[in-house]
Amino acid sequence: MDFSYALTPFLTWLVAGVLKFLVNSLRAGQLAFGLIGYGGLPSNHSAIVSSTAALIAFKEGLAHPAFGVAVTLAFIVMLDASSLRRQVGKHAQAINALVASSPERAPLRERMGHTRLEIAAGIAVGIAVAAAVHGYVRLG
């Protein structure tokens, strides 16, 4: 039985998360447990949807209808990651500035969206993991 369609997104999430933790730790000069979450390089969301689309392309071909659906889903997720979530982060900044003098209110997380580079890195991670899984499944 071929579990690669379930395994690939999970492995991609794991690889992208570890890479993001390492990048954030290097930038911060210490273990960056506090920076785990939305935003950062690579984009987990972009990596996951790209891995699914890439695996479909590797296994079924670019002309398969499922590939078209996967690319459409990936496009929507990446647009959301780059625009909508970045706007949410700007709103959080404004709200934090308004309530900065209120000691009983914890600040909202401001880093939410992704840059184009972070999304491109996510796409690269997704394709690489899908290629690795596809290669391993074909050998096994």
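## Helix α2 and its surroundings

The buried residues of α2 pack against α1, α3 and α4, where contact means heavy atoms within 4.5 Å. This is a predicted model, in which local features need pLDDT of at least 70 and side-chain atom pairs count only at pLDDT 80 or more, while totals for chains, interfaces and linings use all residues. Residues are numbered from 1 along each chain as its sequence is written, and side-chain values use heavy atoms, with hydrogens and water left out. Helices here are DSSP runs (H or I, at least four residues), numbered from the N terminus.

So what's tucked away in α2? The buried set is Asn44, Ser46, Ala47, Val49, Ser50, Ser51, Ala53, Ala54, Leu55, Ile56 and Ala57; buried means under 20% relative accessible area, with a 1.4 Å probe and protein chains only. With 17 residues, α2 reaches 24 Å from its first C-alpha to its last, close to the expected 24 Å (1.5 Å times one less than the number of residues).

## Helix α4

Over in α4, 24 residues reach 35 Å from the first C-alpha to the last, close to the 34 Å expected. Its buried residues are Glu118, Ile119, Ala121, Gly122, Val125, Gly126, Val129, Ala130, Val133 and His134. An α-helix has 3.6 residues a turn, so residues three or four places apart point the same way. The cover over the buried residues of α4 includes α1, α2 (44–60) and α3 (65–98).

## α2 against α4

These two helices pack at an angle of about 40°, with their axes 7 Å apart; axes are lines fitted to C-alpha atoms over the stretch in contact, and angles run from 0 to 180 degrees between N-to-C directions. That makes α2 oblique to α4, given that angles under 35 degrees count as roughly parallel, over 145 as roughly antiparallel, 65 to 115 as roughly perpendicular and the rest as oblique. The crossing of α2 and α4 is right-handed, meaning the near helix is turned clockwise from the far one by less than a right angle.

On the α2 side you'll find Ser46, Ala47, Ser50, Ser51, Ala54, Leu55, Phe58 and Lys59, and they meet α4 residues including Ile119, Gly122, Gly126, Ala130 and His134. Sorted by class, this contact has 11 nonpolar, six polar and one charged residues. Ala, Val, Leu, Ile, Met, Phe, Trp, Tyr, Cys and Pro count as nonpolar, Asp, Glu, Lys and Arg as charged, and the others, Gly among them, as polar.

## α1 against α4

The axes of α1 (residues 4–28) and α4 (residues 116–139) come within 9 Å and cross at roughly 135°, so this pair is oblique too. α1 passes α4 in a right-handed crossing. From α1 the contact takes Ser4, Thr8, Leu11, Thr12, Val15, Ala16 and Leu19, and from α4 Val125, Gly126, Val129, Ala130, Val133 and Val137. By class that comes to nine nonpolar, four polar and no charged residues.

## Two buried spots

Glycine 113 sits in the loop between α3 and α4 and is buried, with a relative accessible area of 5%. Leaving aside neighbours within four places in sequence, glycine 113 is in contact with Gly39, Ala81, Arg85, Arg86 and Glu118.

Asparagine 96 belongs to helix α3 and counts as buried at 12% relative accessibility. Not counting residues up to four places away in sequence, asparagine 96 touches Pro107, Leu108 and Glu110.

Note on methods: Buried < 20%, exposed > 50% of the residue type's maximum accessible area, 1.4 Å probe, protein only.
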